[in-house]
Amino acid sequence: MRKLLLFSAMVVAAGLAPAAAATAAPSEGVSLQAGPTAQQLLAKTTSCKQISNGKYKTDDETGRTIAVCDAGSAVFWKADMDIDCDGQPTARCNKNTDPWFQDGTAYPRSDGKALIADQTPYVVVPSISSTWNFEKAGLKGAGSCAVIYNNKVLYTVIGDTGPKDIIGEASYAAAKSLGINPDPKNGGVDSGVTYICFKNSKVSPIEDHGKSTSVGEGLAAKFVQG
C-alpha cells in the first residue's frame, strides 16, 4: 500500500551501511551481487524514450513528474522508494506496524500464499491504467528487475501492484538491502532510485532471491551490452 509521508531526515539517520544492509535481519540471504556495475546500468538510462501516456506521481501530494521509459530489452523509471509491507504478516509487517497493511500481494509465492515483504525483495508496479499498461510493455508478475540506489544494485522481482497514478515502491526487504530505512510508516527515500525491469522475463520460484539474482545478472549483462 502506498505510503503517503516520507521523512528524509529519518532515512539518513536510520540508513544502513552497505555491509549491514546485505546481511542484517530480516533479509538474511538477500545480497547485493556482482554483474554489471551501477554505473554501467545507469549509463543505459541517461535518455528517456517515454512509453507512458503521461507521467506518474511519486506520492499523493506530489505532481506528475515521473515517466516510464523504453530501453530496448527493458523499461525503466527514476523515482523515490516507498515501502510496501503487504503480504503474509510478520513481526515487522502487520496491521500494527503498517497502517496501510494488506495481507495479500498481486503475485503469490509458489505455494500459493502471499509474498513475505520482509523476506523477498520485490518491486511494485502501478496498476494498469490509461497512463501505462505494464503487461503490454512486456512486464509481468515475477518479472526480473534491477533496482539501483547509491551505487548499489539489487536484483528483484515484480511482486505487487499499486495505485494507478503513483510509481516508486518496493518491499521492506528490498529497501533494507539497499540501505534504505524500511519502516513502513516513515521509511523510504524521496528520490535517487532507478528501477530497470527486463521485458519478457520471469523468476521461478518468485520468492527465491538467489534465482532472482542469477536471472537478473544475466539479463543485466545483455542489457548493458545491447
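**The disulfides of the chain**

Modeller: The structure, which is a predicted model, holds three disulfides. With the bonded cysteines counted along the chain, the pattern of these links is 1-2, 3-4, 5-6. Each of them is described in turn below.

Cys 48 is joined to Cys 69 by a disulfide, with an S to S distance of 2.0 Å. The angle about the S-S bond is -95°, and the link of Cys 48 and Cys 69 is left-handed. This pair links distant parts of the chain, 21 residues apart. Cys 48 belongs to the loop between helix H3 (38-42) and strand E1 (49-50), whereas Cys 69 is in strand E2 (residues 69-70). How buried or exposed are the two ends? Cys 48 has a relative accessible area of 42%, so it is partly exposed; the range for that class lies between 20% and 50%. Cys 69 has a relative accessibility of 5% and therefore counts as buried, since the limit for a buried residue is under 20%.

A further disulfide joins Cys 85 to Cys 93, with 1.8 Å from S to S. Because the torsion about the S-S bond of Cys 85 and Cys 93 is about -65°, this disulfide is left-handed. Cys 85 and Cys 93 are both buried.

The remaining disulfide is formed by Cys 145 and Cys 197, whose sulfur atoms are 2.1 Å apart. The link of Cys 145 and Cys 197 is right-handed, with 100° about the S-S bond. This pair, too, links distant parts of the chain: Cys 145 lies in strand E5 and Cys 197 in strand E8, 52 residues apart. Cys 145 and Cys 197 are buried.

Tyr 195 and Trp 77 form one aromatic cluster together with Trp 132 and Phe 134.

To return to the disulfides, the link of Cys 145 and Cys 197 is right-handed, while the link of Cys 48 and Cys 69 is left-handed, and so is the link of Cys 85 and Cys 93.

Notes
Residues are numbered from 1 along each chain as its sequence is written. This is a predicted model: local features need pLDDT of at least 70, side-chain atom pairs count only at pLDDT 80 or more; totals for chains, interfaces and linings use all residues. Side-chain values use heavy atoms; hydrogens and water are left out. Rings of Phe, Tyr and Trp (its six-membered ring) pair if their centres lie within 6.5 Å; planes under 30 degrees apart count as stacked, over 60 as edge-to-face and the rest as tilted. A disulfide is a pair of cysteine sulfur atoms within 2.5 Å. Helices (H or I, at least four residues) and strands (E, at least two) are DSSP runs, numbered from the N terminus. Buried means under 20% relative accessible area, exposed over 50%, partly exposed in between (1.4 Å probe, protein chains only).
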